[in-house]
Structures are given as structure tokens and as C-alpha cells.
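Biologist: Hey, can you walk me through this one? I'd like to start with the charged pairs.

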Amino acid sequence: MFTYNAVLYSRILTEVTLAFHILFATIGVGVPLLIALAQWIGIKRNDPHYILLARRWTRGFVITVAVGVVTGTAIGLQLSLLWPNFMELAGQVISLPLFLETFAFFFEAIFLGIYLYTWDRFKNQMKHFLLLIPVVIGSSASALFITIVNAFMNTPQGFELKDGVIVSIQPLVAMFNPAMPTKVGHVLASAYMTSAFVLASIAAYRILRGSKHVYHKKALHITLIPALVFSLATAIIGDFSGKFLAEYQPEKLAAAEWHFETSEKAPLVLFGSLDENNKVKNGITIPYALSILAHNNPNAEVVGLNKFPADELPPLYIHYFFDLMVTIGVLLTVVAFIYLILHKRRKSTPYRKSLLVTIVLSGPLALLAIELGWIFAEVGRQPWILRGYMKTSTGATTADYVDILLICFIALYALLAIVSTIVLRKMFKNNPVEQEFEQMNSAQEVNNL
């Protein structure tokens, strides 16, 4: 018989919810920017292919928003039900960005509805495009504010704790905590990057299936350019994140790199395994790289895990999540770069089968990297839910029936995944590009009469 453990079930339920929500949230943040890019180019070049891209992407985006609303609501509910002690403490300090996140979502949703239902209502298409700008701003602002809450959990400030009571609350100081710049930058850049690769993956798949329509080639090109740009941005911000960890969460960086002894000229270890004495076996060692990542100095000292109490160390398996995330990021950057190089060369074709297959895989790989990055970020903060103030075991509920809630929510997420997949598939299968392009041209001809 299993012993009921409310903390364990609360952690699992929160992890499952966030793991499911993060996929839709990432798409919800990144796709509006790409829709705006496609419509802008379509208007400026008077190119109906890009206008059609914007229309079709918008339809798919609406479905992801709907699922994201459900899972986002579930997260808010679970924060109150599963983590009451944490919310009682931190909620007093960090309620402002939580409110602003809700406001940003409503701002986005209102203009998304207007934008969606006013296609072909404006003779000047630029006026319709302007309705999309608040959607882009709202979606990114929503990610910004909720990421600020997560950043606060890593570097809490803006309050004092006296005899277990919160005093001297400064909401703006809490919001602009040391973790905020790198976390917000990384979340936004990776969301834009992932969304671009997901859309590129769909375009590459259609080309592989034999479609000769120029629509798909334009879709591939317009997505892989921002994919490369934001891949590089994600890598640069990731470098800043390493330096942030070295200063503010050195135990997390040390656990991610299996760096046990405080030392200078620290190497970076990729993959491998640990023996019973915590010695790395079969790993790829890059000399000086960890010192450079942490301090931009190959001779710098990097703090090891031996400097921290054993009960405050993150799980060592986060090493694999970090390595896989970085490996996928490098691979995706290379894929986008190769495509653009081949596209520029007149005697080469970017539509060779091997490259298209890799691009098809880039979408799922980008989503996997998002999941790995989230797990690394959250598990790497353990055992703290509010670093330095409250451990996860203290913040959780002690109520019964969390295990039943876990089963119910898993069933809900499975249903949402199945239904959204069926709806998206039928939505685009019943409206093929060729047919919709002809209908759009016919409607344009009627409007010109």
C-alpha cells in the first residue's frame, strides 16, 4: 500500500499542470508576433500568400489560447489549493504582477476577438493590422508578468520577515528582483524561437508530402529567419543566465554542471554519469568553460556543491535536463543557419529531403527543449519554493484527496489534448491552402468590381 503524501501529490499535480500549460503558453506568446510579421509583409508587398498565412495561423492560435485559458486557470486554482502557506506569505508581496498578468490577458483577448472577426472589413488592411499590435503586446506582457512571479521565487526581495510576519512590503522592488531580467528575456526569446520552429516544421512537412504550392515555401522562409534570430538571442541570454546563477544561485549552477569542489579554471561537463563517490564517468569535459560561463574569466573560481548544506542541494539529475536543453538549442540554431545559407546560394536548394526532415523534427524538439528548460529551472530551485525563506515541503497543503485531484486533472488534460488535436486537424484539413487561396482571390475580384 502507498502512503498518502500531500506534498508529493501536490508537486506532481503542479508539475503536470505546468508541463501541459507551458506548451500552449509558449505558442500563445510567440505566434502573435509571427502573425504580425506575415501580415505586415503581405500588406507591404501586396502578397496574398502572406495574408493567408496570417489568417490560417490566427485560427490555430485561437485554439491554443482557449486551451491555455483552461490550464492557466487551473494553475491559479492550484496555487491557492495546493500551496496555501506559500500564497499566504508570498501573495502579499507579489500580487501586483499576478493582477497585471490577468489584465494583460484580458487586453489581449479583447483585441484578438476584434481582430479575428474583422477580416475583410477594412479597405485599408493596415487598419486591421493595427488591431493585432495589442494582441502581440498583451501576449508578451502576460508572459512577462507571470515570469516576474517565478523570478521572485528565485530571488525574493521587497519585504522583511519578522517573527513569521511580512512587513515593509515594496511591490516594485519585489518585481524588479535580480532574476527578473534574465528570466524574462529567456522566456520571451525562447517562446518566439519555439513558435517559429513549430510553424516551420508544419511548412516543411507539407513540402515533404509533395505540396508544390509556393505558400508553404514562403511559410518556411518567413519562419526560419526569426527562428535563427531568436535562437541566437536565446543563446546570448542563456550566457547571461549562467552568470546570474553563479552570483545568486551558485548551488544550482554547480548541480547542473556536477561541480563538487570549489576550484579555479573549472571545466564544463557534458552528459556522463556519476559513480558512488560522485566522480564523473564518460562525460565530455571542456576545459575552463565553466569558469568562462560563470565569470567570463577562464581562471575564475567557481563555487562547488561542497560549500552548501546537504539539505539545500538541488537534485543532481538536473544536469541531464540542462545538457539536453543546450544540445537541442545548438542543433536548432545550426538547422536554421544551414537553411538560410542554402537559400542564399543560387546553385543550392534548401528543399533537400534530409534538411526538410530535420526541420520537421525541429518543432517537436523545440517544444521538448522548453519542457527541459522549465524542469531545470523549477527543480533546480529545490528544496525551496521561495528561496531562502520557505521550503517546498512547508509551502504545500496538508489536505486529503490531492491524489484524486491529480487523477481528475490528468483526465482533463488528456481530453483537452485530444480535442484540440482533432479540432486543429479538421480545421486545416477541411480548408486546404489551395482551396482557401482560390476563395480569397475570388472574393478580392468581387470587391474590386
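Modeller: E15 and R11 sit four residues apart in helix α1 (residues 6–45), so about one helical turn separates them. Helices here are DSSP runs of H or I with at least four residues, strands are runs of E with at least two, and both are numbered from the N terminus. This is a predicted model, where local features need pLDDT of at least 70, side-chain atom pairs count only at pLDDT 80 or more, and totals for chains, interfaces and linings use all residues. Residues are numbered from 1 along each chain as its sequence is written, and side-chain values use heavy atoms, with hydrogens and water left out.

Biologist: What do E15 and R11 form, and how far apart are the closest N and O atoms?

Modeller: They form a salt bridge, with the closest N and O atoms 4.0 Å apart. The term means a side-chain nitrogen of Lys or Arg within 4 Å of a carboxyl oxygen of Asp or Glu.

Biologist: How many salt bridges does the whole structure have?

Modeller: The search finds seven. One of them joins K243 to D239, with 3.0 Å between the closest N and O atoms. Both residues lie in helix α8 (residues 214–248), four residues apart, or about one turn of the helix.

Biologist: And how accessible is K243?

Modeller: K243 is buried, with a relative accessible area of 17%, while D239 is partly exposed at 29%.

Biologist: Which residue does R381 form a salt bridge with?

Modeller: That's E378, and the closest N and O atoms are 3.0 Å apart. R381 is buried at 4% relative accessible area, and E378 counts as buried at 13%.

Biologist: New topic: helix packing. How do α11 and α12 cross?

Modeller: The axes of α11 (residues 318–344) and α12 (residues 353–379) come within 8 Å and cross at roughly 150 degrees. Those axes are lines fitted to C-alpha atoms over the stretch in contact, and angles run from 0 to 180 degrees between N-to-C directions. The two helices are therefore roughly antiparallel, a label for angles over 145 degrees; under 35 is roughly parallel, 65 to 115 roughly perpendicular and the rest oblique.

Biologist: What residue classes are in the contact of α11 with α12?

Modeller: There are 22 nonpolar, three polar and no charged residues. Nonpolar covers Ala, Val, Leu, Ile, Met, Phe, Trp, Tyr, Cys and Pro; charged covers Asp, Glu, Lys and Arg; the others, Gly among them, are polar.

Biologist: OK, backbone next. Which peptide bond is cis?

Modeller: The one from Q382 to P383 is cis, with omega near 15 degrees. P383 is in the loop between α12 and β9 (384–386). For background, most peptide bonds are trans, and most residues other than glycine have a negative phi.

Biologist: So what is phi at N282?

Modeller: Near 60 degrees, a positive value in a residue other than glycine. N282 lies in the loop between β6 (280–281) and β7 (284–286), and counts as exposed at 72% relative accessibility.

Biologist: And what about phi at N296?

Modeller: Phi of N296 is near 60 degrees, also positive. N296 is in the loop between α10 (289–295) and β8 (301–302), and is exposed at 57%.

Note on methods:
Buried means under 20% relative accessible area, exposed over 50%, partly exposed in between (1.4 Å probe, protein chains only).
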